[in-house]
Amino acid sequence: MIKLIIENINGYNYTLKDNDNNRYKINIEFYDIDELPKVGDIIYVNNKLLNKINNNVVSFGKLDGIYGRKITDENDEDIIWLSINDKVIYLKRYYG
């Protein structure tokens, strides 16, 4: 998992920065969470997924949501961790 710090949010457009100061621009929509991430919060993303979604539109929601693939492995590349106020939320990529 790659640690990405949210550097800027403009609507659904997120600018994320990794530990090497690489920046990623991703249009992200979050579903089924009580609190949306804010600047300074952290998203942990699988490297394979990050390469697919950089400069794209992507949606994430609850692990048991009906819109994504069924997750059977905790190391599935469609899982992200969202750290908000020292609370970790596990989400999966939604399709469709």
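**A walk from the cavity to the surface**

The largest cavity has a volume of about 50 Å³. This is a predicted model, and it holds one cavity of 30 Å³ or more. Rolling a probe the size of a water molecule over the atoms shows where empty space is left. Which residues line the largest cavity? They are L4, L16, I26, I28, I43, V45, L50, I53, F60 and I80. By type, the lining comprises ten nonpolar residues, with no polar and no charged ones.

Let us turn to the charged side chains. Side chains of opposite charge can pair when their charged atoms come close. The count comes to seven salt bridges. K38 takes part in two that are worth a look: with E35 at 3.8 Å, N to O, and with D41 at 3.5 Å, N to O. E35 is partly exposed at 35% relative accessible area, and K38 is partly exposed at 35% as well. D41 counts as buried because its relative accessibility is 7%, under the 20% cut-off.

R69 and D78 form another salt bridge, at 2.9 Å, N to O. Here R69 is partly exposed at 38%, whereas D78 is buried at 2%. Elsewhere, E7, K17 and R23 are linked in a network of salt bridges.

Finally, the surface has a nonpolar patch to show you. M1, L63, W81, V88 and Y90 form this patch, with about 460 Å² of accessible area together. One of its members, V88, sits in strand β7 (residues 87–94) and is partly exposed, at 44% relative accessible area.

Notes:
Residues numbered from 1 in each chain as written. Predicted model: local features only at pLDDT ≥ 70, side-chain atom pairs only at ≥ 80, totals over all residues. Heavy atoms only, no water. Patch = residues over 30% accessible without salt bridge, like charges linked within 9 Å, V, L, I, M, F, W, Y side chains within 5 Å. Areas by Shrake-Rupley, 256 points an atom, 1.4 Å probe, with all protein chains shown as cover. Salt bridge = Lys/Arg side-chain N within 4 Å of Asp/Glu carboxyl O. Helix = DSSP H or I, 4+ residues; strand = E, 2+ residues; numbered from the N terminus. Buried < 20%, exposed > 50% of the residue type's maximum accessible area, 1.4 Å probe, protein only. 1 Å grid on protein atoms, 1.4 Å probe; cavity = no way out; pocket = protein on both sides within 12 Å on 5 of 7 lines; lining within 4 Å. Points joined across faces, edges and corners; volume = space filled by probe spheres on them. Nonpolar A, V, L, I, M, F, W, Y, C, P; charged D, E, K, R; others polar.
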